[in-house]
Amino acid sequence: MPSSSPAPQALAAIDMGSNSFRLEIAHMHRGSYRRVEYLKETVRLGAGLDEQSMLTEAAMQRGLDCLQRFATRLQGMPGSRVRAVATQTLREARNRNAFLARAQTVLGHPIEVISGREEARLIYAGVARLQPAEEPRLVIDIGGRSTEMILGQGRQPLKAESFQIGSVSLSLRFFPEGLFTPEAFRAAQVAAGAELEEALTLFARHLSRPVWQEALGSSGTVGAVSQLLAASGITDGRITLDGLRWCIEQCLAAGRMEALQLPGLKEERRAVVAGGLCILYTLLTHFEIEALLPAKGALRQGVIFDLVERLEAQQVRDGHDMRDFSAAELQQRFGVDREQAARVQEVALQLHRQLVPRASPELRRELGWAAALHEIGMMVSHHDHHRHSAYLLAHVDAPGFSQSQLRRLGDLALGQRGGLRKLEEQLQDESLLWQLLALRLAVIKCHARSAVDARAMRLERRGRQIRVRMPRGWTQNHPRAHYLLREEMAAWSKLELLTLDLQD
């Protein structure tokens, strides 16, 4: 592996898939994308999920060893220019937090677990930028444990969904001993069809009125099958029903995975090729796909393009990335009182600057989103709305946000009021501690739901000792708010994480 470090202006994306981990390092200049380096390792993380959806130690160690090698390659790169995402296996794994804690230490960068729809959105972003076209297109990505389908036009994804079926999971279930039989192929195709049936109304091609004009495949599965068809002289790389039938016939003739010898079939793909063929055959049959063409882009490039948008948003005053638009859409969907949210947001950000003057832009933006969305639970019920807000934020699909970040926003929403014992473990993260304190004080300051002077409340911090300063005479003029602040002081004293003092 090269020992030289990437240039500081380089960008890096890590895709922690169910079958392979990938590292892409690239440059973006005036909208032009140039790959610097691409590393791929077959980790088979998805094959390490047991019947209780727990990752085995062996699978985790394979992932950690790979990330250690990636970390060596990323030495010298600023953290703001590296983004690592994890997909279906870590969406499923019950012990994912334990693995992520170890993995982030090894990698030296945060790892985001993204939802299936967010994965689909990023896949389409990679394809749309690297293989631009204006006609409507269907993009399919068959991963190790999930399949993403996206209908889009130009750079805009119109519909995006993720289905819990992939080449690894299907191969493990129907070809566990590496035996290829007609019965196993038929059963695997039925299972794939059952999982993908609900997608028919969204993505099927109606010949009288085509919804999409071409179908592209973006994944290792599509690339592997395309290569073996081309190397065998069956097609020019296009995946067709005839080509897939030929591949399945070769598997049946071989009888066993170990005996399968096909030009262009890499050893790393041998164990999962049968499951991939069954999913492809089902897709082409059910969705009337005459030919599936390999796409140039993929998830990792989409992650880099999304990272560029985030960096550009930070460089422009009042800049926005996809997460800002998602937060605004969630406010509308759940009928949030936007004026109140804006008041709380302004005060919370003002207080956070006083607590942590050098906080990263990402932490400030995160607090801003939490303040903007802290009352979405009001749509469910006014009573305990903070708990409803926390649940909604932790489980909603919101383009641009990872599941990890949405859970953090949910923690902030949960902690906006009431006792703090419920977040005692999470508050060991000092950055979350100061975000939450700023949000709670802002909620108190804006409790009357009317115009406020965001600068009236001042905070002085010395380590974990915080003094709240209010204008002279404020206590007498605002007895209800004063009462709430005294309650807040008592809540923090019970947790013994910081000392809050009030002075006016």
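F175, F180 and F185 form one aromatic cluster, where rings of Phe, Tyr and Trp (its six-membered ring) pair if their centres lie within 6.5 Å. The model is predicted, so local features need pLDDT of at least 70 and side-chain atom pairs count only at pLDDT 80 or more, while totals for chains, interfaces and linings use all residues. Residues are numbered from 1 along each chain as its sequence is written, and side-chain values use heavy atoms, with hydrogens and water left out.

**Aromatic pairs**

- Five aromatic pairs are found in a search of the whole structure.
- F175 and F180 have ring centres 5.9 Å apart and planes at 75°, so their pair is edge-to-face; planes over 60 degrees apart count as edge-to-face, those under 30 as stacked and the rest as tilted.
- Both F175 and F180 are buried, meaning under 20% relative accessible area with a 1.4 Å probe and protein chains only (exposed is over 50%, partly exposed in between).
- The rings of W369 and F401 are also edge-to-face, because their centres lie 5.1 Å apart and their planes stand at 85°.
- W369 belongs to helix α14 and F401 to the loop between α15 and α16, so this pair ties together parts that are 32 residues apart in sequence.
- W369 and F401 are buried.

- Strand β6 covers residues 137-142, and six of its six residues are buried, so the strand is largely enclosed by the rest of the structure. Helices (H or I, at least four residues) and strands (E, at least two) are DSSP runs, numbered from the N terminus.
- In a regular strand the side chains alternate between the two faces of the sheet.
- In β6, R137, V139 and D141 point one way, L138, I140 and I142 point the other way, and all are buried.
- β6 and strand β7 (residues 147-153) run antiparallel and are joined by six bridges; two strands pair if DSSP finds at least two bridges between them.
- Four residues lie between β6 and β7, which form a hairpin, and D141 has E148 of β7 as its bridge partner.
- With strand β9 (residues 214-217), β6 pairs in the parallel sense over four bridges, and I140 stands opposite G217 in β9.

**The five-stranded sheet**

- Five strands make an open sheet of mixed pairing, in the order β3-β2-β1-β4-β5.
- β3 (32-42) and β5 (111-113) are the edge strands, each pairing on one side only.
- Neighbouring strands of this sheet are turned by 20° against each other on average, direction ignored; axes are lines fitted to C-alpha atoms, and angles run from 0 to 180 degrees between N-to-C directions.
- Strand β4 (residues 82-86) pairs with β5 in the parallel sense over three bridges, and A84 has I111 in β5 as its bridge partner.

**The largest pocket**

- The largest pocket holds about 1300 Å³ of space. On a 1 Å grid over the protein atoms alone, a pocket is an open set of points where a 1.4 Å probe fits, with protein on both sides within 12 Å along at least five of seven lines; its volume is the space filled by probe spheres set on the points.
- Of the 40 lining residues, Q104, P110, S404, Q405 and R408 are the closest to the centre of the pocket; a lining residue has an atom within 4 Å of a point.
- α16 supplies the largest share of the lining, seven residues.
- Elements that each supply at least two lining residues include β4, β5, α3 (96-107), α14 (361-373) and α16 (403-414).
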